[in-house]
Structure formats: C-alpha cells, structure tokens
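Me: Please examine the following structure and answer a series of questions on its architecture and its chain contact.

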Protein chains: 2
Amino acid sequence: MNVANRRRHHARQHPEVARYLSIISYVFPSVPFKSMADPRTLTAEGKLSEEFAVPSHVEEVKGQMAAFAVQHRAAGHRVVLITSGGTKVPLESRTVRFLDNFSSGRRGASSAEYFLESGYAVIFLHRHRSLYPFTRLYSGINLLDSLQLESGKGGSVSDQVVVNQQALPNIAKILMRYQAVKKAGLLLPVEFSTLSEYLHLLKAAAQALSPIGSNAMFYLAAAVSDFYIPASDMPEHKIQSSNGPLQISMKMVPKMLSPLVKDWAPQAFVISFKLETDPSILLDRARRALATYRHQAVVANVLDTRRGYVVVVTPDTQAELVLTDEEASRDVEIEDRIVSNLTAAHSQFITQQG
Amino acid sequence: MNVANRRRHHARQHPEVARYLSIISYVFPSVPFKSMADPRTLTAEGKLSEEFAVPSHVEEVKGQMAAFAVQHRAAGHRVVLITSGGTKVPLESRTVRFLDNFSSGRRGASSAEYFLESGYAVIFLHRHRSLYPFTRLYSGINLLDSLQLESGKGGSVSDQVVVNQQALPNIAKILMRYQAVKKAGLLLPVEFSTLSEYLHLLKAAAQALSPIGSNAMFYLAAAVSDFYIPASDMPEHKIQSSNGPLQISMKMVPKMLSPLVKDWAPQAFVISFKLETDPSILLDRARRALATYRHQAVVANVLDTRRGYVVVVTPDTQAELVLTDEEASRDVEIEDRIVSNLTAAHSQFITQQG
C-alpha cells in the first residue's frame, strides 16, 4: 500500500455521515417541522439514487466518457474531467423557482483551453449555457452586432454573411484552434442543469475514468450547492405568494468528494476548489478539506480577487499564484498558472504511483 | 373622470399593504425568529428605496427612456415597455448564492419582434443574458460551430470568416431586419439582474413613459420573484455549510403593479402575465389580479402549454389564443397572436381615453 492509498484508507474512518442529515422540511410558517431522520442510516452512495432522481441518459453518457478515456489514454494522452458552472436546485417539482450558485463557468472554460494546450484530453462537465472553451471569449457580444451582409458578385442573390473582425477580436486564430481541437476529438462536452444531474454525472464520470488510474485528473471547479430540498418534500405546484411569507428548510448535499476519492476513482489525481468571500478563513477551510477527503490539492480563492490570486494547497505545500497588473493588462490568465502548477504535480503523482 | 380613472381611484382603497410584510428573518435553526414588523407602517413606495438598494445608473436610464418615449411618440409611434426574463434574489450580500425564477426570456424577446413589426417603439427591460430579440433565434448554437475560414485571394493573409448559413438558418434575412430596427433606433435595451434593479428600473420606466399617457403600453412578461431577503437580514459572507442545514425565511416582494397603475403611469395600457403550473386555478388567479390592480389585461398561461395556449383576460372579456399543431410545425408563434390581440385592444383603449 503506497502513501496515497494509505491516506485514502485512513479517510474511510472519518464518520461524515453525520453531516448528511437532520431536519427535513419544506414548510409554510403554520406547518410544523417533520421529525428527525436517523443520520446514520444513510450513506452517500445509498442516498444518491434515493434522494436525487437519476437522469435517463446517465448510462449512455457514462459509456461515452469511458470510451473517450480509454481511447485517448491509448493515444498517450492524460484525461482531465473538468466540472464547471453552478448547479440549479429546484424548489418545486414542476420547477418555476430554483436556488442557484453564482458562477459564469469562466474558470472551468478557460482552464479547459490550457489543459488542451498541455496535451490533455478534456471531458467538460458543465452547466447548460455556462461559458464554453474558446466561445467564452465572445460571450456577451450580440451575434448580430458582429455580422455584416456582403452582396453576391454582380447583384446575384447569393448573399454572404461575414464576420466583422473588429467586433470579434482574434476570431480567425481562435476559430482555427477550436476546429483543430474538434477535429482531434479532444474535447467531450457533457451538460448538466440541476444538482441531481450534476451529482449522477460526476459519479458516472468517476467510474468511467477509473480504468485509466492515475492518468485521470479531476478538476472540480463547478460551484455546487451545499443545500437542497428532497423531491419527497417538494410541493408539486408553484408556491402561491398569497399564502404569505416563505420559509424554506434545506438539507445538506452529500459530499461527493468522499466516495469519489475512496471508492469511485481511488487512483486518480483529484483537485477541489474552495471559494470564500472572507479571506481570513480561506486557508483553514482548504486544509480542513484536504484532511477530511484526503485528495491531492485544493485551489483556494476569494470571490473578489479570484481572477488574479489563488493558492494551490496540497498536504505538504502551499503555492501562491499571482498575476501582476502588467500581466493582467496583457490578458494573461491565472488559469494558465493554475494548470501549469497542477499538470506538473500530476506528472509527479503518476511517477510516485508507478 | 372617465371609467378607467374611476376604476383606478377605487383601487386606492384596497389595503394591500398588509401583503407587504410580516416575519422577517434569515436564520439558522438555532436562532429564534425576529419579531413582527407592523405591516401598516410601510407603503410600496416608501419600502422600495428603503429595502432595495437603488442602482447607481437608474436616473441616467430614466432620462434615456423618457427621451426615447417622447421622440418616438412625436414620430407617431406608440411605445411598449416589455419586461422579460427572471429576477435574481441574493441570499448573501457578497453574492455566491441566489434564488432565481425559471425564465429564458423567450416570450418577451419574441413579443418584442412582433411589436416592432406592428410599428411600436420598444423598451426592452430584460434580465442580463436572457434571450434577445432576433438573436434569440440562434441561442444555443455555438458561435464557433457556425463560422468558417475563407482564405484571402491568391494566398493573401486577409482571411475572411464567413457564416455557414446552414448552421444559422435565415441569417441574412434576420440580420437585415435587425439592422433596420437598429438603424431606426426603435429598440432600447435596458438590463437588470437582481430583483432590486428590476424594481427600480420598472418604476423609472413607468415614470418615464407617463408623459405619453395612453400611448404607452406595459407588457410585464418578466418572471419576478414573489419573495426576497431584506439587505439588513442578509449575512455578509458566504453561508458556511458546516453550520448545518439551512433555513431561510423570505419576505414578500411589494407588488409594483399597484403603484404603477395608481401613481406612476395612471393613463397607460397595462398588461400583466400569470404563469401557473396548475391549470385549475389559472383563470381565478387572473381575474383576482384584475380585480386587485385594476389594470387592463392579464395574459394567463400554464407552464407546460405556454407555447401553444394562452388566455387574454380583461375585465369584460376572455380570449383563448391557441396554436394548432400544423401552425406550430410552420414555426408560427403564439406571441404573434398575443401581440395582435393586445395592439388591437390598445387602439380601442386609446380611442376610449381620448
């Protein structure tokens, strides 16, 4: 048993199931709380399919991810699973209202480009309509503001629509890079919207990448809700505002990192993200996560400074990555640094595992 | 005093302020509820700036909207204010988590096109990144999948990037329509993200359109949250999941329709939308809204059938608008019917007012 495996073994002893449960209710003020469930009767694994509806396409997607991993590993690539964007937590079964997490998906989409540049094959598990690799550079630009009509020669009707390259800077260069990645089949996009979809697809991805062992990296940059309302506690119809003020009680989402590291992909190189708004608690939270889940690294960042400053925390090291103002003005991106740091650590990890 | 004004006068007597308030708290399970506020001490008007931060640009935007309305009215156009998309309700001051409403903004964006076709000038008050008139037709298509490189003549470096017109159907025609609208200055886009921004911008819009009297239409299609957490009750930092399950108590959002109809734009033609998931309560809710706010029409629709069936309810009439399967297959849109119905009703309203 090597060091990493021994660490994982120890982690099994941490009884985190106590986190998974307590008061469950979705109530208007006049309705009393339901009684407590026994927190020890549920495991993360059992709970997942019990409390979160399984998306119908999960097995099909799992097959695609497994084939993608094996094929690119055979061709000498490492494979990274990037999660990106926020999860949607419905408050009603026929959903009108939902809880969401602030996340444009910028970090995940940008990182995907640098992983591709470093020779990785990328599974991009992202929130529907969040930022996408390459295309992200033109988000927020109205498509129709960037196109112009060019009449066909000699008044023919074959009008061409061409891109105004001032409106979409570097579009020719970016388009070539995008098309090369697409042609090589190095990017496999998978979408989620709800928390349920995310959780089941992440589990499927972990199991699909398990066969390539330490050559798989998990780069868990998605902003996943910590809280949810179980389907059984949800009202079917839209909550009526005429019933008065709303009181919502939410359960805690099981931490997927725990079964991922212990059971689903025990040999993989796993990185989680920690976003806080209060810098004073950041490193403590990052260290605590590493101690709890026994994975390889935490990328810690503060909401206000996240584009110019992160700390990559491992059990033995702590690396501050900083962009200078001058670098930021040249459009250098911090994700370039994060990915360099982690791909190097991944190489070392593979050597140690071997 | 004409009939419409008399109706509005009566509406003033409805004491709805009782809706505006009650339990205010944002608590973890161990923290007791705060005491009740007196519901009668706050009015919608007073509450707005007290409880919802005023966006810094609201006066500037109000000026633009007022100038837009006067200018287009002088040119013989009627002006419609369309609200579109969902509102974001932050749960934390430095927002990581928020409550959102399901809404792509499709209905608002599509309706804007039909209003423009009917000769209206349109103020499009929409959620940031929700669907936009014309551009909406290509949402969900990856920009880079629809472009191709064309080499310059004779191997020159002046590469052109052109649109693959199979990937963006009708793009030349749509681009021409978009450019014509833009050139004529008939579309004024205004963006919101949070509920606070929406509420203040709607009030500003109502006041800005008031001078053109009955020539203004309000088409309130946005999915506005019924609930919010007052800034004073919000935690500054990200809620820590280690504190256990989350309990949220939300206050009711003041109904803007009431001061809009009574005070801000008392001569305008006002349409609200009612979306339900339960068809059995739909018409009752629509009639109740008309009785409460005394505005001109409610467009009532059910979540599952909203693209093919709506009922336009007025105090005296009820018109079912339905798309046949054959029409849907020809890409006829129900918004075409809704806008036809309402522009005709608006003409009649103007005549009666005159």
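Me: How many helices and strands are there in chain A?
Reply: This is a predicted model, in which local features need pLDDT of at least 70, side-chain atom pairs count only at pLDDT 80 or more, and totals for chains, interfaces and linings use all residues; side-chain values use heavy atoms, with hydrogens and water left out. Residues are numbered from 1 along each chain as its sequence is written, while chains are lettered from A and ligands numbered from 1 in the order in which they are written. Helices (H or I, at least four residues) and strands (E, at least two) are DSSP runs numbered from the N terminus. On that basis chain A has 10 helices and 15 strands.

Me: What percentage of the residues in chain A is buried?
Reply: Buried means under 20% relative accessible area, exposed over 50%, and partly exposed in between (1.4 Å probe, protein chains only). Of the 354 residues in chain A, the buried share is 55%.

Me: Which order do the strands of the eight-stranded open sheet in chain A follow?
Reply: Two strands pair if DSSP finds at least two bridges between them. The pairing in this sheet is mixed. At its edges stand strand 8 (187–192) and strand 15 of chain A, each pairing on one side only. The order is 8-5-2-9-12-13-14-15.

Me: What angle does the direction of helix 3 of chain A make with that of strand 8 of chain A?
Reply: Contact means heavy atoms within 4.5 Å, and axes are lines fitted to C-alpha atoms, for helices over the stretch in contact, with angles from 0 to 180 degrees between N-to-C directions. Helix 3 (residues 58–74) of chain A packs on the sheet and touches strand 2 (79–84), strand 5 and strand 8 of chain A. Its direction makes with that of strand 8 an angle of about 155°.

Me: Which residue is the bridge partner of A:Val313 in strand 15 of chain A?
Reply: Strand 14 (residues 309–313) and strand 15 (residues 318–322) of chain A pair in the antiparallel sense over five bridges. A hairpin joins these strands through four residues. The bridge partner of A:Val313 is A:Gln318.

Me: Why is one side of strand 7 and of strand 14 of chain B left without a neighbour in the sheet?
Reply: The open sheet of chain B has eight strands in the order 7-4-1-8-11-12-13-14. Strand 7 (187–192) and strand 14 (318–322) of chain B stand at the edges, so each has a single partner strand.

Me: As by what kind of axis are the two copies related?
Reply: Copies are superposed by least squares on the C-alpha atoms of residues with pLDDT of at least 70 in both. Chain A can be laid on chain B with an RMSD of 0.0 Å by a turn of 180° and a shift of 0.0 Å along the axis. The copies are therefore related as by a two-fold rotation axis.

Me: What area is buried between chain A and chain B?
Reply: Buried area is the accessible area (1.4 Å probe) that two parts lose on being put together, summed over both. The contact takes 71 residues from chain A and 71 residues from chain B. Carbon and sulfur atoms give 57% of the buried area, which is about 6400 Å².
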